[in-house]
Amino acid sequence: MLLFLEEAAATTADTGAAGMLMTFLPLIAIFVVFYFMLIRPEKKRKKEAEQMRSALKNGDEITTIGGITGKVVDVKEDKFVIETGADQVRIEFAKWALSTNDTAAAAAQEEARKAQEAKAKAKAAKKANKEK
């Protein structure tokens with residue numbers, strides 16, 4: 001009987017580290033999935049939003065998180081003033097209330113369109129050179 005207990009203890013000691021690893025492996029896998037699916041993209045969105053807020057300048061067409069649209073007329077360190085409506089009402093907002101910069105978004109779309117056209121032209125020119 002004593003021999004049986006000694007063998008069981010030796011077997012448990014050998015598989016103890018592997019058993020612990022197998023116990024925590026699902027938790028580690030869940031953390032990795034959460035990091036790549038939730039945490040990392042959220043950090044990227046926050047960084048892009050901060051860059052958009054810091055690049056705000058006079059004349060930009062913007063939309064606030066409350067849905068108010070207007071044209072930026074003054075930018076301060078942590079606030080900005082927009083002019084909205086036909087009667088040119090001026091409203092001051094905190095920079096964190098900025099949702100989208102429509103001027104910058106339109107410029108980025110135009111730049112992407114031009115890059116795509118240039119790529120298509122280069123591809124067509126390459127194809128024409130092959131045919132010669």
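**Labels and their cut-offs**

Reader: Why is Q88 called exposed?

Author: Q88 has 52% relative accessibility. Exposed means over 50% relative accessible area, buried means under 20%, and partly exposed lies in between (1.4 Å probe, protein chains only). Therefore Q88 counts as exposed.

Reader: What kind of coordinates are these?

Author: This is a predicted model, where local features need pLDDT of at least 70, side-chain atom pairs count only at pLDDT 80 or more, and totals for chains, interfaces and linings use all residues. Residues are numbered from 1 along each chain as its sequence is written, and side-chain values use heavy atoms, with hydrogens and water left out.

Reader: Where is Q88 found, and what is its phi?

Author: Q88 is in the loop between β3 (79-84) and β4 (89-94). Strands are DSSP runs of E, at least two residues; helices are runs of H or I, at least four; both are numbered from the N terminus. The phi of Q88 is positive, about 55°, yet Q88 is not a glycine. Most residues other than glycine have a negative phi.

Reader: In what order do the elements run?

Author: From the N terminus, the order is α-β-β-β-β-β-α. That is two helices and five strands.

Reader: How do you know that Y35 and F36 form an edge-to-face pair?

Author: Rings of Phe, Tyr and Trp (its six-membered ring) pair if their centres lie within 6.5 Å; planes under 30 degrees apart are stacked, over 60 edge-to-face, the rest tilted. Two aromatic pairs are counted by this rule. In one of them, Y35 and F36 have centres 5.2 Å apart and planes at 85°, so the pair is edge-to-face.

Reader: What makes Y35 and F36 partly exposed?

Author: Y35 has a relative accessible area of 31%. F36 has 47%.

Reader: What does UniProt list for residues 20-38?

Author: An unreviewed UniProt entry lists them as "transmembrane region". Such annotations may be inferred rather than shown by experiment. In the model, residues 20-38 are 100% helix and 0% strand, with end C-alpha atoms 27 Å apart.

Reader: Which residues make up the largest nonpolar core?

Author: The eight are L56, I62, V72, F80, I82, F93, A97 and L98. A nonpolar core is a set of buried Ala, Val, Leu, Ile, Met, Phe, Trp, Tyr and Cys residues joined through side-chain atoms within 4.5 Å.

Reader: What does F93 touch?

Author: Not counting residues up to four places away in sequence, F93 touches T64, I68, D78, K79, F80 and I82. Contact means heavy atoms within 4.5 Å.
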